[in-house]
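Hi everyone, thanks for coming. Let me put the structure up, and then I'll walk you through some of its contacts.

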Amino acid sequence: MKYIYKILLYTITLFSFISISNQINSAEREYRQHLKSTDWAIEAQEQVFCRIKQLIPNYGEAIFTRKSGREMIFELTSNELFLKETHIIIMAEPAPWRQNELSFEIGSFTLKEGHKPLTAGHPYASRMFQQIENGMMPTITYRDVADNRDVITVAISPIKFRNYLNSFRQCESTLFEYDPEFLRDFELYFATNKTDLTV
């Protein structure tokens, strides 16, 4: 009985030590633009696509893209290669100057393998876009996929977003309601020996 008690005590002590050790060795890594250096960039080709993106130092890029005939999509790129999938939740967090605002969930997603771990379509991309316009920070938090110890936070800053918003909207106004790729292989049939199109 004493032997079993000693084994149980040793096991509990060992698990407690591992738990404390993991907490000590874990760290929080945060990636976001610095308050004073935050900026956005626009890439556009009228009638084809409109793109607005933010560089996230030492991490990758946050990219919003709208193409003709398609809904907006959001993409998160990573400088490091993701080797396995991990589930995440994107939260809308208040910017530092809006501390009275409450954070809320935008949606749950899965980070995929590769250098483009996250692609979010409609309606989540539009929801994130809208929250940035409202001064909120879409924030992605997950544990390091390498050893599950470090907590990683990736935040998209709303600073200067409105400076580029009009240009992005103007580009959007040039987009077609249909996808030009659809017309590339579109077949039209004519009546024999006729050149008129039917309704």
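I'll start with the ground rules, then turn to the disulfide and a few salt bridges.

This is a predicted model, where local features need pLDDT of at least 70, side-chain atom pairs count only at pLDDT 80 or more, and totals for chains, interfaces and linings use all residues. Residues are numbered from 1 along each chain as its sequence is written, and side-chain values use heavy atoms, with hydrogens and water left out.

So, which cysteines pair up in a disulfide? Taking a disulfide as a pair of cysteine sulfur atoms within 2.5 Å, the count is one. Cys-50 and Cys-171 form it, with their sulfur atoms 2.0 Å apart. Cys-50 sits in strand 3 and Cys-171 in helix 3, so the bond ties together parts 121 residues apart in sequence. Helices (H or I, at least four residues) and strands (E, at least two) here are DSSP runs, numbered from the N terminus. The S-S torsion is about -90 degrees, so this disulfide is left-handed. Both cysteines, Cys-50 and Cys-171, are buried; buried means under 20% relative accessible area, exposed over 50%, and partly exposed in between, with a 1.4 Å probe and protein chains only.

Now the salt bridges, meaning a side-chain nitrogen of Lys or Arg within 4 Å of a carboxyl oxygen of Asp or Glu. There are 13 of them. One joins Asp-150 to Arg-29, at 3.0 Å between the closest N and O atoms. Asp-150 is buried at 14%, while Arg-29 is partly exposed at 24%.
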